[in-house]
Every structure is written in C-alpha cells, then in structure tokens.
Amino acid sequence: MNRVLLIKFGEIGLKGGNRRFFERVFIQRMKDALTGLPGELPWIKRTRGRFVLDLEHWPAGPVIERLGRVFGVVELAPALVVTAELGAISGAARQVLEEALAEYPAARAVRFRVASRRADKRFPVNSMELNRILGAHLLQSDRELKVDLHDPEITVEVEVREEGAYAYARTYPGPGGLPVGSSGKGILLLSGGIDSPVAGWMSLKRGLELEAVHFQSFPFTSERAQDKALDLARALAPWAGGTMRVHLAPFTAIQRSIRENCPGELGVTLMRRMMFRVAEALAGRAGAGALVTGENLGQVASQTLESLAVIAEASDLLVLRPLVGMDKTEIIDLARRIGTFDISARPYEDCCSLFVPRHPATRPRREAVARAEARLALPALLEQALAGVKTVDAAPR
Ligand code: ATP
Ligand code: MG
C-alpha cells in the first residue's frame with residue numbers, strides 16, 4: 001500500500017496535438033511549486049487522464065497547499081494505491097474511510113457511499129458490483145455508519161486502473177485554468193489598486209506567463225507605494241510559478257511634461273498612453289506578446305469605449321482586459337480569495353491620482369491627443385523612463 005496524490009486536470013487533456021507541450025509545462029509548474037520543500041522532489045507520473053505524485057516520503061499538507069495554487073489542477077486527492085485485487089482494495093477503502101471519519105463525531109451515524117470506477121475492464125468485478133461489495137465490507141466497522149447514495153458526508157472513491165487500484169475519500173479543489181506559460185507571455189500593468197492584481201491572476205489562470213511594470217512618481221509617491229506594488233507581486237508569485245518579475249519605471253518626468261504642455265482634460269489619456277508605450281518596450285525585451293491591464297468598462301472616466309480605444313492605440317500589442325465582465329463586488333471577492341485585497345486596501349498615493357484633472361475627458365478625440373503629444377518630446381521621455389527602470393524578482397516572503 002503506497003500513499004500517492006492523484007492530480008486531476010481539466011482542459012489540458014483536450015489540447016490534441018499540443019498535449020505533450022501542455023503536459024510538460026504543467027509538470028514543470030508543479031515542480032516549481034514544490035521547490036523549497038524539504039527533501040528530494042517526488043516523482044510525478046502521468047497515467048491516463050491523471051498525474052500521480054509520490055507521497056510516501058512527503059508531507060501531504062504542504063504539497064496539497066502548494067499544488068492548490070498551480071493553474072491546470074482541477075482536483076487533488078490523497079490516495080492509497082494497491083494491487084488491483086479485491087482484498088487489497090477492501091483494505092485500502094477501509095483505511096481511507098477511517099482517516100476521513102476522524103473528522104466526524106463518533107456519537108452519531110455518518111452517511112457514506114462508495115463510488116467505484118473500473119477503467120481496466122480486465123478486472124473481473126464491474127463498478128456496480130464493486131460498490132456493493134465494498135459498501136457491505138465497510139459497514140462492518142466499529143463506527144456507526146449508514147449508506148446514503150444521495151446525500152453522503154463521505155464518498156469513498158475507488159478507481160481500478162491498469163497500474164493498480166486507487167482509493168480516496170477526501171479531495172481538495174484546485175484553481176482550474178491552464179498551466180502558466182502554456183499560453184505565452186504578457187506584461188501586466190500593475191498599479192497598487194484592487195483591479196490590476198486581479199486582472200493579473202485572471203490572465204495567469206489562462207496560462208499566461210507574466211512580468212509586471214509599475215509606474216512610480218518619486219517624490220510625489222512614497223517608498224510605501226512601491227512596497228505595496230512589490231507586495232502585490234509577492235502575493236501573485238505563488239500563482240505565477242514562484243516569482244514575479246517587476247519592472248519599476250520612473251514616471252515623474254513624463255507626468256511633469258504632460259502637465260506643463262498639454263490640456264488638463266487629456267492628462268489621464270496621455271499618461272495611460274505613455275504607460276502603454278513603456279510597457280510595449282518592456283514587452284519587446286521580455287518576449288511578451290500582450291499587455292494586461294485592470295481596466296474595466298464604465299468604472300471611471302478613462303474607461304469609456306472611446307477612451308479605452310484611444311489609449312490602446314498607443315501600442316501595437318494585443319491588450320487583454322480580463323476584468324471586463326466583472327462587477328466591482330466580484331473583483332473584490334476574488335481579490336480577497338487570492339490574497340491581494342488587504343494589500344490593495346492599504347492607503348497610498350497613486351502616481352495618477354496625483355495629477356488627475358477635475359474634469360477628465362470621457363471622449364478624448366484622436367486629433368486632440370495627437371496635437372497634445374506633438375508638444376511632448378516622446379522619444380526622449382520614453383528613453384529616459386526605460387533607462388531608469390529597476391527590475392526586481394518578487395518572491396513570497
Ligand atoms: P487599479 O485598481 O488596477 O488601479 P483602477 O480601477 O484604479 O485600476 P485606473 O486607475 O484607471 O483603474 O487604471 C487602469 C489600469 O491602468 C490599471 O488597472 C493598471 O493596469 C494600469 N495602471 C494604472 N496606474 C498604474 C501604475 N501606477 N503602474 C502600472 N499600471 C498602472
Ligand atoms: Mg488605479
């Protein structure tokens with residue numbers, strides 16, 4: 001009898017010809033997530049429709065916690081694996097049931113059922129019959145038990161496969177999605193707000209590898225604003241494969257120049273366009289094919305259709321806005337779940353809120369934007385900002 005972790009995945013199994021590539025990325029991301037735990041990396045094997053990880057020499061708790069943040073994982077099930085033979089299967093089923101029962105009060109009857117699957121048809125007993133045999137066997141227990149097919153508290157699952165039979169009674173959900181790096185790379189425009197880290201998480205979930213850029217306006221924004229962005233990156237790091245690269249880009253000179261030379265109502269539009277230009281240059285260096293922002297529709301003046309369009313025209317890159325379709329309350333719920341909300345909620349001075357005009361243009365016109373930008377030394381400003389970029393690899397504390 002050996003302890004293993006069954007790793008169930010979703011969509012990667014559907015990727016036809018690319019499947020091998022997806023699987024390789026997935027295994028790499030799982031290994032990344034386990035790096036740093038004491039001991040040698042456990043083996044991870046592929047079986048039909050599953051990955052299996054050795055838990056004999058590994059503590060299940062930390063492994064489950066870490067793999068629970070690897071995109072692509074749909075469910076984790078610590079299981080016992082035995083030879084596919086009725087006696088051994090009964091023993092394994094009993095043991096996983098007893099381990100699960102430890103969490104229920106001994107004073108009352110616990111409802112359970114057995115759910116078997118026979119993937120290996122050479123096994124002589126079909127799944128219905130196996131359910132019945134195992135159910136009857138498990139009922140002979142010191143604990144008070146009751147079979148309940150419709151509303152069980154514990155489901156003892158048994159899978160009979162070619163390489164052996166697995167039994168488990170506890171499962172843990174994974175985040176789903178696709179393994180990070182299987183969909184290419186993007187640059188996340190990471191402010192200190194609530195939205196952009198959530199947007200980053202959503203794009204990581206679809207397999208995008210991310211680097212982040214954060215714009216700062218020393219001395220108008222403080223060291224704490226920078227710490228906040230870095231802490232957000234640290235919070236995203238476990239989801240991103242362990243670390244998140246952050247480019248800290250100076251934005252003060254650009255903002256000054258915009259304020260001194262351009263109409264105030266276009267300030268936000270022009271700042272965003274400059275952010276996109278800097279981010280595009282960083283994407284070129286990083287080999288990234290998209291920008292990711294926390295922009296939404298209709299939240300603020302800079303998020304009308306016209307405004308989003310004019311901002312995006314500053315760059316040729318594809319712009320992903322994963323939050324379109326989410327309400328603020330949904331974004332906040334997700335921010336709490338993924339551990340970024342409390343960091344975003346810290347008070348801070350945003351580099352943009354400092355220079356936001358009282359009446360920003362909700363429908364900036366292309367010609368007006370072009371005229372305003374003609375008054376800026378664009379290449380020099382861009383070059384200066386890029387030259388001042390500091391890059392940090394943020395890892396969880
Ligand atoms: P967030 O909560 O992410 O700050 P928001 O709802 O406040 O978003 P805006 O302030 O209009 O919206 O910013 C829109 C997007 O522009 C942000 O989601 C982020 O992607 C990008 N952005 C804004 N400020 C910065 C910054 N200082 N550094 C990097 N990106 C930024
Ligand atoms: Mg903001």
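Residues are numbered from 1 along each chain as its sequence is written, and chains are lettered from A and ligands numbered from 1 in the order in which they are written. In this predicted model, local features need pLDDT of at least 70, side-chain atom pairs count only at pLDDT 80 or more, totals for chains, interfaces and linings use all residues, and side-chain values use heavy atoms, with hydrogens and water left out.

Reader: How many helices and strands does the protein have?
Author: Happy to start there! Helices (H or I, at least four residues) and strands (E, at least two) are DSSP runs, numbered from the N terminus. Counted this way, the protein has 13 helices and 15 strands.

Reader: What share of the residues in the protein is buried?
Author: Buried means under 20% relative accessible area, exposed over 50%, and partly exposed in between, with a 1.4 Å probe and protein chains only. The protein has 397 residues, and the buried share is 51%.

Reader: Is alanine 106 buried or exposed?
Author: Look in the loop between helix 3 (86–101) and strand 5 (110–118), where alanine 106 lies. Its relative accessible area is 58%, so alanine 106 is exposed.

Reader: And alanine 372, is that buried or exposed?
Author: This alanine 372 is found in helix 12. It touches Cys262, Pro263, Leu266 and Leu270, not counting residues up to four places away in sequence; a contact means heavy atoms within 4.5 Å. With 2% relative accessibility, alanine 372 counts as buried.

Reader: How far apart in space are alanine 372 and asparagine 261?
Author: In sequence they are 111 residues apart. From C-alpha to C-alpha, the distance between alanine 372 and asparagine 261 is 7.5 Å.

Reader: What is the order of the strands in the open sheet of 6 strands?
Author: Two strands pair if DSSP finds at least two bridges between them. Strand 10 and strand 13 (residues 290–292), for example, pair in the parallel sense over 3 bridges. Strand 14 (318–320) and strand 15 (390–394) each have a single partner strand, so they stand at the edges with one side left without a neighbour in the sheet. The pairing is mixed and the order is 14-13-10-11-12-15.

Reader: What angle does the direction of helix 8 make with that of strand 10?
Author: Axes are lines fitted to C-alpha atoms, for helices over the stretch in contact, and angles run from 0 to 180 degrees between N-to-C directions. Helix 8 packs on the sheet, touching strand 10, strand 11, strand 12 (244–250), strand 13 and strand 14. Its direction makes with that of strand 10 an angle of about 150°.

Reader: How many residues of helix 6 are buried?
Author: Helix 6 (residues 223–240) reaches 25 Å from its first C-alpha to its last, close to the 26 Å expected at 1.5 Å a residue; the expected span is 1.5 Å times one less than the number of residues. The rest of the structure largely encloses helix 6, because the buried residues number 13 of the 18.
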